[in-house]
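Colleague: I would like to learn how to read a structure that is new to me, taking one feature at a time. Could you walk me through it?

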Amino acid sequence: MVSTPPKSGTTWTQGILALLIFGDPRVDAAISRKAPWIDITTPEQDAIITALNAQTGRRQIKTHTPLDGIPLWPDLRYISVFRHPIDVHLSFRRHVTHMKEEVLADIYPSDVHEGFRIFLEGDHRDGASLVSIVDHFHSVLELAGQKNFLCLHYADMQRDLYAAVHQIAQHISITHSPALMDELTDAASFESMKANAERFAVSAREGFWHNDADFFDSGTSGKWRGVLTDTDLAAYEARMAALLTKDERDWLEHGGTSLRHAFR
């Protein structure tokens, strides 16, 4: 089970899992159908669960619900991924512009500074408010020492994708030859997934996006530079100081070490 806040590396991680589970650099991940968001509200939910139950072999699913809101079973492997909260916000902001239908206009207004204020002060869950990200993070901290739980950081995946792919493989007890692992890692790069969006994007080939490849934006960090003002960032600083300790904040923003070692 992949349990993350939205826009924090969910699809990237699910793409890596598909590559590892099938051992095929050319796998059609078809995440929305084969590795569904199990608690999304949709008329097709019954059909989604039926199709999931019909699968044989290793399976994966995703949720944006924090770990204190889902069943925790010892024979299930859990993976969470976090990303700098401001990058999450700005990535989500761009994310909604790629949808053919207008959604979440109330929390992503055209004025970026007003949208950022709503992000800092709101408690919206589907749209990833700051407090919802922090709540998810706190639920993960409670389980940081559990053997069936792995926590990754988006920035660490950017810095060393090879290490991240091997961490995930070890966590789910899947092994492949070194040569194949190199191929799978190449296929798991952001650039490769964007180039093969028809196989890796959420709701690919379903007409949900203006362009499937745009589901993968830039894959970069520090998106706020030159966008947010000093006043915006001062408000963020004050909010973070009230929500997290310095060490917790440092890890949530930048990663840099395993969560288990950071907070043991």
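This is a predicted model: local features need pLDDT of at least 70, side-chain atom pairs count only at pLDDT 80 or more; totals for chains, interfaces and linings use all residues.

Colleague: What percentage of the residues in the chain is buried?

Modeller: A residue is called buried under 20% relative accessible area, exposed over 50%, and partly exposed in between, with a 1.4 Å probe and protein chains only. By that rule, 53% of the 264 residues in the chain are buried. As for the surface, the chain exposes about 12,700 Å², of which carbon and sulfur atoms supply 52%; such areas come from the Shrake-Rupley method with a 1.4 Å probe, and for residues only the protein chains shown count as cover.

Colleague: What share of the contacts in the chain with a separation of 6 or more comes from residues 24 or more positions apart?

Modeller: Contact means heavy atoms within 4.5 Å, and residues 24 or more positions apart account for 69% of those contacts.

Colleague: Is Thr-10 buried or exposed?

Modeller: Thr-10, which is found in helix H1 (residues 10-22), is buried because its relative accessible area is 4%. Leaving aside neighbours within four places in sequence, Thr-10 is in contact with Val-2, Thr-4, Pro-5, Lys-62 and His-64. With Thr-4 there is also a side-chain polar contact of 2.5 Å, a term for a pair of N or O atoms within 3.5 Å; within protein, one must be able to donate a hydrogen and the other to accept it, and residues adjacent in sequence count only if both atoms are side-chain atoms.

Colleague: Which residues of helix H13 are buried?

Modeller: In H13 (residues 246-254), the buried residues are Glu-248, Arg-249, Trp-251, Leu-252 and Glu-253. Glu-253 counts as buried because its relative accessible area is 6%, and, not counting residues up to four places away in sequence, Glu-253 touches His-84, Pro-85, His-153, Tyr-236 and Met-240. Just after H13, Gly-255 takes a positive phi of about 65°.

Colleague: Why does Ile-118 count as buried, and why does Val-103 count as partly exposed?

Modeller: Ile-118 counts as buried because its relative accessibility is 14%, whereas Val-103 counts as partly exposed because its value is 31%. Ile-118 is in helix H5 (residues 112-121), while Val-103 lies in the loop between helix H4 (85-97) and H5. Leaving aside neighbours within four places in sequence, Ile-118 is in contact with Asp-106, Ile-107, Pro-109 and His-124. The C-alpha atoms of Val-103 and Gly-127, 24 residues apart along the chain, are separated by 9.9 Å.

Note on methods:
Residues are numbered from 1 along each chain as its sequence is written. Side-chain values use heavy atoms; hydrogens and water are left out. Helices (H or I, at least four residues) and strands (E, at least two) are DSSP runs, numbered from the N terminus.
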